[in-house]
Every structure is written in structure tokens, then in C-alpha cells.
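Dear colleague,

I am handing over the structure we spoke about, with the sequence alongside. Please keep both open while you read the notes that follow.

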Amino acid sequence: MKFFVDTADTAEIKELEATGLLDGVTTNPSLIAKSGRDFKEVIAEICAITEGDVSAEVAATDFDTIMKEAHVLGAIANNVVIKLPLTFDGLKACKQLTEEGTKTNVTLCFSANQALLAAKAGATYISPFIGRLDDIHADGLELIREIRVIYDNYGFDTEILAASIRTPNHVKDCAIIGADVATVPPATLKALVKHPLTDKGLEAFLADWAKTGQSIL
Ligand code: E4P
């Protein structure tokens with residue numbers, strides 16, 4: 001399973017990139033607004049930090065303007081992935097960009113039928129939003145399960161990029177179901193390594209090691 005970090009905070013991205021566990025980055029207009037920075041400048045900086053795929057979202061909703069924006073964003077770096085809304089104009093742009101050899105991420109997916117359309121349009125990634133479905137008492141993980149079955153039934157290459165992840169359990173459940181990628185907020189990504197018994201066990205081992213008076217180096 002690939003791990004993307006879901007943020008436009010370049011300090012967080014640098015820190016996580018240094019672990020060697022990061023496979024890419026996703027951003028969205030809300031995360032760019034939160035960063036308070038220039039969109040194209042921040043995408044360029046992220047693309048210089050990581051060699052992994054970096055999703056940059058178009059702001060237009062009509063096909064012609066989506067294509068113009070996609071070409072501007074795609075020119076920033078060769079690891080930019082164009083993030084497109086799950087609308088007919090977004091899907092039409094997805095097909096066109098795929099034919100041009102550009103990677104795409106179709107976002108705001110809330111149903112299996114939407115994911116089927118994105119795969120037919122040749123999307124590199126489909127982003128089903130788990131947390132936002134859970135927020136309205138729907139079942140976000142069930143959507144991941146349905147998409148996995150459909151993509152496997154037909155051998156679609158589109159990767160399932162589980163998004164709107166809120167908890168470490170979301171990550172684990174997506175891995176069990178077989179999502180290809182999870183895009184995770186920095187705090188949740190860092191929480192994956194934590195276990196109280198690991199901390200307690202390490203503390204005891206270090207205390208006992210100190211008693212031996214030995215040194216490995
Ligand atoms: C995915 O690409 C989105 O940026 C993100 O996962 C949305 O998460 P949220 O529902 O927590 O805003």
C-alpha cells in the first residue's frame with residue numbers, strides 16, 4: 001500500500017519525506033487556502049521535496065478551462081498529477097489528459113458508480129472520501145470494498161486512493177480491503193507508529209540495558 005500525505009504544509013512534507021515512507025502528496029483548494037501561500041509556488045516546492053506523485057486540483061468546472069488549468073499545473077513539474085472533479089466535464093478532461101499521457105486523480109468520489117465512470121475515463125487514481133461519508137452516517141469503508149470488487153471484476157488499472165481518512169483504523173481497514181493508496185493527514189500518519197506497549201517495552205529494555213553497563217559502539 002502506498003502512503004500519500006494529505007497537506008500543503010511543506011515543513012510537514014519534508015519531515016515525512018525524510019522517513020523514506022512517503023510515496024506522494026495530495027492537496028486540495030481548502031489545504032492551499034489553509035497554507036496561506038501561492039498555489040503554483042507551493043506545488044513547485046512540494047514537487048522539489050518529493051519524487052512521488054503530487055496532486056494539484058483544478059479550480060475550473062467547464063471542460064475548456066479545466067484543460068487550460070491542467071496544462072498550466074502540469075508544466076510546473078513532471079510529478080504533478082491533475083486532480084479533477086467528479087463531473088462529466090471533469091471526466092471528459094480526465095479522458096483527454098490520459099490520452100495526452102498526463103496522470104489524473106478524480107476527486108470527490110462518493111459512490112461506486114462514480115468510481116466506475118472515472119475508471120472508464122482512464123483515471124490514474126480515484127479518490128473516494130471515507131470520512132465525509134462516515135460524517136453523514138454512511139459507510140465510507142463499504143464504498144472502498146465496492147470499488148475494489150468492481151475494479152477487480154473488470155481489470156481496471158485505476159488505483160483506489162482512499163481519501164478523507166480520519167483515524168489510524170481507517171488506514172488499517174483500507175489496507176485490509178486492498179486500497180492501493182491511502183492519503184493521510186500528517187498527524188494521523190505519525191500516529192500509525194505509536195503503541196503504548198512499544199513505548200513501555202522500550203523504556204524497560206533501555207533501563208535493563210543501562211544496568212549491564214555495556215556499550216555496543
Ligand atoms: C483528498 O484528496 C482530500 O484532499 C482529502 O482527503 C479530504 O479530506 P477531508 O474530508 O478531511 O477534508
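Helices (H or I, at least four residues) and strands (E, at least two) are taken as DSSP runs and numbered from the N terminus. This is a predicted model, in which local features need pLDDT of at least 70 and side-chain atom pairs count only at pLDDT 80 or more, while totals for chains, interfaces and linings use all residues. Residues are numbered from 1 along each chain as its sequence is written, and side-chain values use heavy atoms, with hydrogens and water left out.

The protein has 11 helices and 8 strands, and its C-alpha atoms fill a box of roughly 70 × 40 × 30 Å along the principal axes. Of its 217 residues, 44% are buried, where buried means under 20% relative accessible area, exposed over 50%, and partly exposed in between (1.4 Å probe, protein chains only).

Leucine 108, in strand 5, has a positive phi near 60 degrees and is partly exposed at 35% relative accessibility. Serine 164, in the loop between strand 7 (159–162) and helix 9 (168–177), also has a positive phi, near 55 degrees, but counts as buried because its relative accessibility is 10%. For context, most residues other than glycine have a negative phi.

Next, the pockets. On a 1 Å grid over the protein atoms alone, a cavity is a set of points where a 1.4 Å probe fits but cannot get out, whereas a pocket is an open set with protein on both sides within 12 Å along at least five of seven lines, and lining residues have an atom within 4 Å of a point. Grid points are joined across faces, edges and corners, and a volume is the space filled by probe spheres set on the points. The largest pocket holds about 340 Å³ of space; among its 20 lining residues, Asp6, Asn28, Leu31, Phe129 and Arg132 are the closest to its centre. Helix 2 (29–35) and strand 5 (104–109) are the elements that each give two or more residues to that lining, which comprises 7 nonpolar, 8 polar and 5 charged residues (Ala, Val, Leu, Ile, Met, Phe, Trp, Tyr, Cys and Pro count as nonpolar, Asp, Glu, Lys and Arg as charged, and the others, Gly among them, as polar). The second largest pocket has a volume of about 190 Å³, and its lining has 7 nonpolar, 1 polar and 1 charged residues, including Phe3, Thr19 and Lys190.

As for the rings, a search of the whole structure finds 4 aromatic pairs, counted where ring centres of Phe, Tyr and Trp (its six-membered ring) lie within 6.5 Å, with planes under 30 degrees apart called stacked, over 60 edge-to-face and the rest tilted. Tyrosine 154 and phenylalanine 156 form a tilted pair, 6.2 Å centre to centre with 45 degrees between the planes; tyrosine 154 is exposed at 60% relative accessible area, whereas phenylalanine 156 is partly exposed at 23%.

Finally, UniProt, in an unreviewed entry, places the feature "active site" at Lys83; UniProt positions are given in the numbering used here, feature names are shortened, and annotations may be inferred rather than shown by experiment. Lysine 83 is found in strand 4 (residues 80–85) and is buried, with a relative accessible area of 4%.

With best wishes
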